[in-house]
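Have the sequence and the 3D view open as you read.

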Amino acid sequence: MGAPAPIRFGTDGWRAVIGDDFTYANVRRLADAAGRVIAEDTPGGEVLVGYDTRFQAAAFAASAAGVLAAHGLRVRLSTCALPTPALSWATDRSDAVGAIMLTASHNPARWLGLKVKTADGGSAPPAVTGRVEAAVPDTPPPPERDGTYTVDDLTTDYLGALRALVDGEAIRSAGLRVVVDPLYGAGQGMLAQVMRDLGVSEVLELHGEYNPSFGGLHPEPIPPHVDEGRRLVREGGFDAAFFTDGDADRIGAADRHGEFVNPHRIFALVVRNLVEAKGMRGAVVKTLSTSVLLDRVCQRLDLECETTPIGFKYIYERMLAGGVMIGGEESGGIGIPSHVPERDGLAMALLLTEMMAKRGLGLAELVEDLFAMTGPMEYRRADIRIEPAERDTFAAQVPSIEREEIAGLAVRGLDRRDGVKFLLPDDAWLLLRPSGTEPLVRVYAEAPSMGVVDDLLEAGRELVTGAA
């Protein structure tokens, strides 16, 4: 047999299919490398280890914990599956010098992955993950060399922090009825319990039991994966539904009509709540693919709005510089650094619940009120699957793509920080971005009406297939 395949970190950790590349041998190889790097920087330091609800995730995490402990590190393994933001919060509020999270986030159930966290709970930067990649051995350390670790509760204090994040008295008096759907992920039981603790009148939890196959659901909080919750909120007369992904760091929602409230609108609503109800101030950081609604809200509230390339790691880097109130991306990952410098879907659901309670409005009405401030904007994304060679050809052509008009609209400017973004009249835009890990090109569009959005997406498809 030849040397094993190298382990490479993507935009947020390493992920692979369970039983294919995600094996005990590879997890132990990667944990050995992470342990070596952490021990070099902070000998004897404390490291936390967590895991989500996927097949064998707890056993993989225990194996990684033993390998880490063999490097002389003090390792604490979670007693149960937990959200990534819970592990990040516990890391930030303890003496831990880092953490390891076993999760594949919003990927399908057959995938699992490993994230490395820094002492503040944020994702390890490329400088750290590059060292870990370079240190991965060809063979895993044998089990007889494993060190001793402890098993500890890493969730209780985090859940207390979530309760303290919002106005419990306002929520208790509002008489709200909500649906909570963790999509079988690591948020199961937790968001529902916090909602009940805060006095939400009725909480119906879907897919809150352990099911490592996720019942065939794709744990990403967008349609069609959230359609059951959307139907129940409409038919049951609930006020809202909240959805989280596999590791509960992303958020989706539905209003009382069962209409999906996309993350752009959630992000904008939370910004308003932080400023208008909590008196918070600071920069708002969004990625290139996130709605112009954020720019408009910030303009009205006299906040600085900054744009980064796509990926929460860029938002995290800006958080480290200070002065950031909130940061988020179009995929539903939104974080408040004063809470934890990581995305937190549970926190966002609670802040929306608080806003509904204090304003006496449902999500549909809150969105209407938002549009009264900003004007309406519609958004959609399409993923165009092409052959890997075609993807590479298109990626090579991106720096030279020029157009004077798109779908009959004059191109007023170009942004090439991440793919190519065409800036159009009325704040409309079209973004073409080749995936760095999959054979596809992501096409994003936003405009004041869905008809224009659809025209832009079609024009984007033609640009991609014509160039490829």
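Predicted model: local features only at pLDDT ≥ 70, side-chain atom pairs only at ≥ 80, totals over all residues.

**Two helix pairs**

Helices here are DSSP runs (H or I, at least four residues), numbered from the N terminus. H10 turns up in both rows below.

| Pair | Axes come within | Crossing angle |
|---|---|---|
| H9 (residues 263–276) and H10 (residues 293–301) | 9 Å | roughly 15° |
| H10 and H13 (residues 363–374) | 9 Å | roughly 70° |

The axes are lines fitted to C-alpha atoms over the stretch in contact, and angles run from 0 to 180 degrees between N-to-C directions. Angles under 35 degrees count as roughly parallel, and 65 to 115 as roughly perpendicular. So H9 and H10 are roughly parallel to each other, while H10 and H13 are roughly perpendicular.

Which residues touch? Contact means heavy atoms within 4.5 Å. From H9, residues including Phe267, Ala268 and Val271 meet Leu293, Leu294, Val297 and Leu301 in H10. By class, that contact has 8 nonpolar, 1 polar and 3 charged residues. (Ala, Val, Leu, Ile, Met, Phe, Trp, Tyr, Cys and Pro count as nonpolar, Asp, Glu, Lys and Arg as charged, and the others, Gly among them, as polar.) With H13, H10 uses Leu293, Arg296, Val297, Arg300 and Leu301 to meet Leu370, Phe371, Met373 and Thr374.

A cavity is a set of points on a 1 Å grid over the protein atoms alone where a 1.4 Å probe fits but cannot get out, and lining residues have an atom within 4 Å of a point. Grid points are joined across faces, edges and corners, and a volume is the space filled by probe spheres set on the points. Searching the whole structure turns up 1 cavity of 30 Å³ or more. The largest cavity has a volume of about 30 Å³, and its lining is Ser123, Ala124, Pro125, Pro126, Lys313, Tyr316 and Glu317. Helix H11 (residues 312–321) gives the most to that lining, with 3 residues.

How values were computed
Residues numbered from 1 in each chain as written. Heavy atoms only, no water. Parallel < 35°, antiparallel > 145°, perpendicular 65-115°, else oblique. 1 Å grid on protein atoms, 1.4 Å probe; cavity = no way out; pocket = protein on both sides within 12 Å on 5 of 7 lines; lining within 4 Å.
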